[in-house]
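This report describes one protein chain for a reader who has not seen it before. Please look over the sequence and the structure first.

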Amino acid sequence: VRIPVYFTCDTHGRLEPCGCFTGQLGGLTRAHSWLQKHRAADALLVDVGGSIVGREDYHVIQYGYILDAYHRMGYQALNLGAKEAELDADTIREAASRSRVPLLSGSLVDADTRDFLAKPSTVVTIRGRRVGILGVLDPHSVAAPGRGVAILSLDDAISRQLTALASECDDFILLAFAPDAELQRLAREYYEFPLILGGDVRQPSQSVGRENQSIIVATTNEARTVGQVTLVRRDGTVEAEEFDIHMLYPEVPQSQEIAALSTAFRKEVRDTTLAIDNPDAPSATSIPGVKPLATYVGSQSCQPCHQEDYRIWQKSGHGHAFRSLVRRGSDADPTCIGCHTVGFGEPSGYRRSFEDTKLVDVGCESCHGPGSEHVSIHTAGKVPSFKFRPLGPGDCLTCHHGEFSRPFDWNKFWPSVKHGTSGAK
C-alpha cells in the first residue's frame, strides 16, 4: 500500500511574494502551481500550522483568504500552529466553523469550559485506507496564548484522541507543530503514528528521520517549500519513499487564482476601518503613562539644514519607496506600509488616511526617529542638547530581512545611500 503525502508549514501570511524585490521564492501562488503539476492522484495534502502572521485585525482578515486558498488548492487538513494559538478563543472558533478545510487541534481548548476550539482530528480515505490525522501543538512554541485559550500538553492532547482514532482508522498521521527534540520524543512514546510531520523547526528536513517505528519529516521557511513523502506499508512495516523538500523557485509560475485572493484581501483592508487607523491607539513600543517628547515632521523639514543629504535621499530607492506599493495596490495594506512610510503605527506617524500626501517613503525619521524637537531647536537658533544615535547594519535589518531584501550586506548597500557629512551638527 502506497500513500503519497504532500505537506507545508509556516505559510506566515504569504498568499504571494510581496514583490519588493525580484527573484523572491514561494507564496501559496507558487505552491498551487507546483501542486497542480506534480501532485500525485489520490494523495494527501496537509498543513502543519503557522499560516497566519499575527493577531491584528488585518491579519485575521487575511487568514480568511488563506483558508480559502487552501480549499482551492485541495488541502484535506490544516493544523493550528503557534501564531494561530495567539488568536482569541472566539476568533479560532469562528475560523474553524467557516473553513471549508478541517482546522485541527487536539491542543487548543477554551480556558473556561475546556471544550476544544477546533476538531482535534479528521479521517481521510486515501487509496482505500482510512487515514486518521491528528493535529497538536507544543505549548512551549507559543509566546502568549490568546484571550480565553488554554493549551494542553502534547501528551494530554495525543492520549485523549488516540484510542478513538485507533478504532476507526487503518493508519495515523500526526501533525505536530513542535521542535525537533519533541518530534523525536513523540515518536518514541507513540509508536502508533507511522508518520509524524513537524513544523516548529529551524530548517526543513534534509533526509528522512526515523525514531522507533515512526518516520519523521518537517518543513518550514515561510511558504517557500512543499514537502513530499510516500508511505509504503509492506508486511506490517512502513517505509518512506520519494522524500523531497521542493523549493518554490521564481521559475515556478504563480497561480492567478490564488493571486486574485491576495488582490481581494488588499481591497478589503483598504475599505475597512482597522484598529491601527485610530490615532489614539497605543503603539507596540509605547510605555503606559509616558508621552513621546518628539513627533514626526517629515523629511522636508530636514532639507533646509541638510540639503546635500536630502538630495542623496531623493535619488535613492528610499526616496520613492511608497510608489512600489501604489503600483501593486498594496498602499493600504498594513503588512506592507510599515517599511515604506515614516512612523506607521506610532501616534504621530503615517496614517492610511494620508494616502500619499505626507510621511510617505523611507524618510529621514524612518531610521533616525521623530525629529520635531531637533527641528524646533535649530529653527529657534539654539544649540541642541542631544544628538541622534549612530546607526548601523542592525537598524537596516528592521526592514531588509528575509523576502524583503536581497541578502543584506551593509558594505554593499550603504555606499548607495551614504550621507551624514553635511548640514548642521
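The chain has 14 helices and 14 strands; helices (H or I, at least four residues) and strands (E, at least two) are DSSP runs, numbered from the N terminus. This is a predicted model, in which local features need pLDDT of at least 70, side-chain atom pairs count only at pLDDT 80 or more, and totals for chains, interfaces and linings use all residues. Residues are numbered from 1 along each chain as its sequence is written, and side-chain values use heavy atoms, with hydrogens and water left out.

**The chain as a whole**

Along the principal axes, the C-alpha atoms fill a box of roughly 85 × 50 × 35 Å. Of the 425 residues, 49% count as buried, meaning under 20% relative accessible area with a 1.4 Å probe and protein chains only. A contact means heavy atoms within 4.5 Å. Among the contacts with a separation of 6 or more, 66% are between residues 24 or more positions apart.

The accessible surface comes to about 20300 Å², and 51% of this surface belongs to carbon and sulfur atoms. Areas come from the Shrake-Rupley method with a 1.4 Å probe. The chain carries 44 positive and 52 negative side chains, where Lys and Arg count as positive and Asp and Glu as negative. The centres of the two sets lie 6 Å apart.

**Helix α5**

Helix α5 covers residues 154-166 and reaches 18 Å from its first C-alpha to its last, close to the expected 18 Å; the expected span is 1.5 Å times one less than the number of residues. Its buried residues are Leu 154, Ala 157, Ile 158, Gln 161, Leu 162 and Leu 165. An α-helix has 3.6 residues a turn, so residues three or four places apart point the same way. The elements that the buried residues of α5 pack against are listed here.

| Element | Residues |
|---|---|
| β6 | 121-126 |
| β7 | 129-137 |
| β9 | 171-177 |
| α6 | 180-189 |

**Strands**

An open sheet of six strands has the order β4-β3-β2-β1-β13-β14, with mixed pairing; two strands pair if DSSP finds at least two bridges between them. Its edge strands, β4 (103-104) and β14 (237-247), each pair on one side only. Within this order, β2 (residues 44-47) and β3 (residues 77-79) run parallel and are joined by two bridges. Val 46 stands opposite Ala 77 in β3.

Strand β9 runs parallel to β10, with four bridges between them, and Leu 175 stands opposite Leu 197 in β10. In a regular strand the side chains alternate between the two faces of the sheet. Both faces of β10 (residues 195-198) are covered: Leu 195 and Leu 197 are buried on one side, Ile 196 and Gly 198 on the other.

Terms used: Buried < 20%, exposed > 50% of the residue type's maximum accessible area, 1.4 Å probe, protein only. Charge placed at Lys NZ, Arg CZ, Asp CG, Glu CD.
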